[in-house]
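Work through the exercises below with the sequence and the coordinates at hand. Each task is followed by a solution in steps.

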Amino acid sequence: MTSWIEISEERLAANYRAIAQTAGAQTAVLAVVKANAYGHGIELCSTILTRAGAPWLGVTSAAEGARARRALAEAGFAPANQPAILVMCGFLPQDVEAIAERALTPVVWTPEQIGWLQGSGLAVHVEIDTGMARQGVHPGEELDDLLDELAAAGLTLNGIFTHFCEAEAAHSELTQTQQRRFEAAVKQVLARGLAPKWVHAGSSSSVDNPAQSSPWLVNLANSVDARAMVRCGCALYGYCVPITGADAASMQPKLCPALRPVMTWKTRVLSLRDLAAGETAGYNATLTAPALMRLAMLPVGYADGLRRELSGSDARPGGWVILRSHDGSAHRAAIVGRVTMNLTMVDVTAIPGVCIGDEVIVLGDGITADDHARLAATIPYEILCAVRAG
Ligand SMILES: *Cc1c(COP(=O)(O)O)cnc(C)c1O
């Protein structure tokens, strides 16, 4: 094993509690464990989050839902004590059997999907497209037709929801427009005498954003006697994106300061090498040793999800890793030269006593997914789900 990840159960559970507390007692929290729990491992995370009290888990696919169910059963949760599981990112006819067998709840928004589920007697959630234009049915005639087909197919409407395009934006006009459209959809459902149990909208940023009001969602859910719910992923794992918008600088994020990163990605020093002043290292010789320099080689690279943008050169500093010296103190070691497919060099010149086999933190406390994301010009989400330890 060239690298591995360690998951802090305590932090994951504490992050869940912080989200639930910030969201408020009237809003349930669906724990998003899609994409293998954002790279953290769906089996372990589903179990921890179920123990923490999550009433719902959100997965990518039927196959992922089956993985979560299996893990929960193995952890000793009887079916009645397991959370409901929402299949968030669509399904195909060949998935219906697994959906029914594993008691998953599919998200539906097209007549085709309803056709595939006909006769299954399943409860479903209908997604409303209020502006994201990714999944979802439009309020109005399209929704009315879909609800007709749902009834004809003998399916139960257990939930109705939408997804915001920019939940992190303070006082977003787009979010307000989406809210109005979602209200219209909920009214339509009410007008037909349907009684979904869940009305959900929003993500981690909706809980974090001080400009987004949770009474809006609670009031809307109350109007149909349903329970309000928000769907959180990133925050569970300890990350938020910054609040944006004109007055963002003057606003305090509500949730972010309470969160701590859950994943630590570790490897070990594979070998050591000294460079004399003037020697170069790595592809394209982007590093020249200014003086005698000691490099440690690490068995991780971009094939493992360590972004190539973290390369450091003479022209530009890159990322870094954390090494502990033998007195226990933590030191930064800069990534030098190009990050390659499976190997990366770091500068340990100033760190006393580094040995082959020493543990190294590639991502975790001291070098977070936010740091990686900033250097790679992306978002922490992409960094986390790309980590491929093993
Ligand atoms: C991924 C996802 C979420 C979770 O978003 P975070 O920003 O990670 O909290 C919520 N809802 C939907 C529909 C999603 O696809």
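**Exercise 1: the pocket lining**

The lining of the largest pocket comprises 17 nonpolar, eight polar and five charged residues. The model is a predicted one.

Step 1. The pocket volume is about 680 Å³.

Step 2. At least two lining residues come from each of helix H2 (34–38), helix H9 (204–208), strand E9 and helix H12 (380–386). H2 supplies the largest share, with three residues.

**Exercise 2: the nonpolar cores**

Task: Find which members of the largest nonpolar core touch the most other members, and list the contacts of Phe-182.

Step 1. Among 115 core residues, Leu-49, Val-126, Leu-150, Phe-182 and Val-199 touch the most other members. Helix H1 (residues 9–23) gives the most to this core, six residues.

Step 2. Leaving out residues up to four places away in sequence, Phe-182 touches Ile-128, Thr-130, Ile-160, Phe-161, Thr-162, Val-199, His-200, Ala-201, Trp-216 and Leu-220.

Step 3. A separate core of eight residues includes Leu-275, Met-293, Val-336 and Met-345.

**Exercise 3: helix H10**

Task: Identify which residues of H10 are buried and what covers them.

Step 1. With buried meaning under 20% relative accessible area, Trp-216, Leu-217, Val-218, Leu-220 and Ala-221 qualify in H10 (residues 214–223).

Step 2. Their cover includes strand E2 (27–32), helix H8 (173–191), strand E8 (198–201) and strand E9 (227–232).

Step 3. Just after H10, Asp-225 has a positive phi of about 60°.

Terms used
Residues numbered from 1 in each chain as written. Predicted model: local features only at pLDDT ≥ 70, side-chain atom pairs only at ≥ 80, totals over all residues. Heavy atoms only, no water. Core = buried A, V, L, I, M, F, W, Y, C linked by side-chain atoms within 4.5 Å. Buried < 20%, exposed > 50% of the residue type's maximum accessible area, 1.4 Å probe, protein only. Helix = DSSP H or I, 4+ residues; strand = E, 2+ residues; numbered from the N terminus. Contact = heavy atoms within 4.5 Å. 1 Å grid on protein atoms, 1.4 Å probe; cavity = no way out; pocket = protein on both sides within 12 Å on 5 of 7 lines; lining within 4 Å. Points joined across faces, edges and corners; volume = space filled by probe spheres on them. Nonpolar A, V, L, I, M, F, W, Y, C, P; charged D, E, K, R; others polar.
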